[in-house]
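This briefing concerns a predicted model.

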Amino acid sequence: MNSRIRNLKAYPMDRLVKAKEELKAAGKKIYDFGTGDPKEPTAEFIRRALIEAVPEVSQYPTVKGRKDLRETIANWFKNRFGVELDPELEVIPTAGSKEAIFHFPLVFIDTDTEKRRVIYGTPAYPVYERGTLFAGGEPYPVELRYEDSFLLRLDRVPRSILEETAIVWINYPHNPTGAVAPLSYLEETYGICREYEIILCSDECYTEIYFERPPHSLLEVGKEGAVVFHSLSKRSGMTGYRSGFVAGDREIVQTYLKYRSSFGVASPDFIQQAARAAWSDEEHVKERRQIFKEKRDIFVKFFKELGLEFLYPEATFYFWVKLPEGISSEEYALHLLSYGIVISPGEFFGKGGEGSFRIALVPTLKECQEAVKVWKIAHKEFMEKKR
């Protein structure tokens, strides 16, 4: 077995799946705020586009993807962020963002040189670390702090480390905390990466789930040395479709395209047709944002009633919640499980997650309203035991 990955713990969400299976077997009503997979239906016109595109004769899709999909993505990006993308050279459709994020270091880390570090913030989406390790790179997690609004501060990373860094990952709006980055932060981070000839990768899968101001894209700052990753999973409720795209610096994008055929990740043609329909419409996204806002407002009120500190969600459908000093988030999560409430302990997301937990606004609006009543009882019991 690959010695670099032998000591990795099970993928955090796999542990949640096992816990949920045990609850189901016991006949328990489950309120699942764990994995970020909302229950809202995929829009009917997207489903119809997929069904109508299923061919009589099935043939291999190309890694480069359909021209009309790349053109639709480029048009959406221009309308949303004001950035021109060449659909021929600067866009690749992907089988979701996760596989693209995971595979990227396999192409761009040269293990025969000293420049093989990968910087990312923690707590974090686990794939930044895992993709680095599978590629033979050296992970360099930087602990994100509440007082810095969970922004990854490259200006505090030693010069010697930056000189050995091949890739920096940023993720705003942020999973798991929901933090949003201002344009000035993107400009500063981009400038540092250009100075040290580092590829700056921006995971932007949550830019379309927001409640006040639309978040920015890294490509608004510059394309050279920059790559962004987007997905329809959250924006359009298409988690099971596995559809997204990579865009940015044309030299990097074309190099990545050259080797992606080795990974076997070409998106099926009928998925691409559904994706084209999704990227062409904004109304269904506005409806989803409104639903998530209503759920968010329920939990803003609820956590305030419990007296728990949390980062106010301006974007994403996550809450990052602090527990009182001395309380383990795993202990708290296990207690809630006995009531059928599933949350993600902060430890699941790496260093810096201790003493906090994440909830994903996955259940329906009605289930969220039910859950807070059950949770209130569970929390009261837990705190009484702790006194």
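C368 has a relative accessibility of 0% and therefore counts as buried. The points below continue with the cysteines, then turn to a strand pair and a helix pair.

**Cysteines**
- Across the whole structure, the search finds 0 disulfides.
- A disulfide requires two cysteine sulfur atoms within 2.5 Å of each other.
- For C205, the closest cysteine sulfur belongs to C201 and lies 12 Å away, which is too far for a bond.
- C205 has 10% relative accessibility and counts as buried, because the limit for a buried residue is under 20%.

**Strands β9 and β12**
- Strand β12, residues 356–360, pairs with β9 in the antiparallel sense, over 5 bridges.
- Within this pairing, Y318 stands opposite A360 of β12.

**Helices α12 and α13**
- Helix α12 spans residues 329–337 and helix α13 spans residues 365–386; their axes come within 10 Å and cross at roughly 130°.
- The two helices, α12 and α13, are therefore oblique to each other.
- The crossing of α12 and α13 is right-handed.
- On the α12 side, the contact is made by E331, Y332, H335 and L336.
- On the α13 side, the contributing residues are W375, A378, H379, E381, F382, K385 and K386.

Technical notes. Residues are numbered from 1 along each chain as its sequence is written. This is a predicted model: local features need pLDDT of at least 70, side-chain atom pairs count only at pLDDT 80 or more; totals for chains, interfaces and linings use all residues. Side-chain values use heavy atoms; hydrogens and water are left out. Buried means under 20% relative accessible area, exposed over 50%, partly exposed in between (1.4 Å probe, protein chains only). Two strands pair if DSSP finds at least two bridges between them. Helices (H or I, at least four residues) and strands (E, at least two) are DSSP runs, numbered from the N terminus. Axes are lines fitted to C-alpha atoms, for helices over the stretch in contact, and angles run from 0 to 180 degrees between N-to-C directions. Angles under 35 degrees count as roughly parallel, over 145 as roughly antiparallel, 65 to 115 as roughly perpendicular and the rest as oblique. A crossing is left-handed if the near helix is turned anticlockwise from the far one by less than a right angle, and right-handed if clockwise. Contact means heavy atoms within 4.5 Å.
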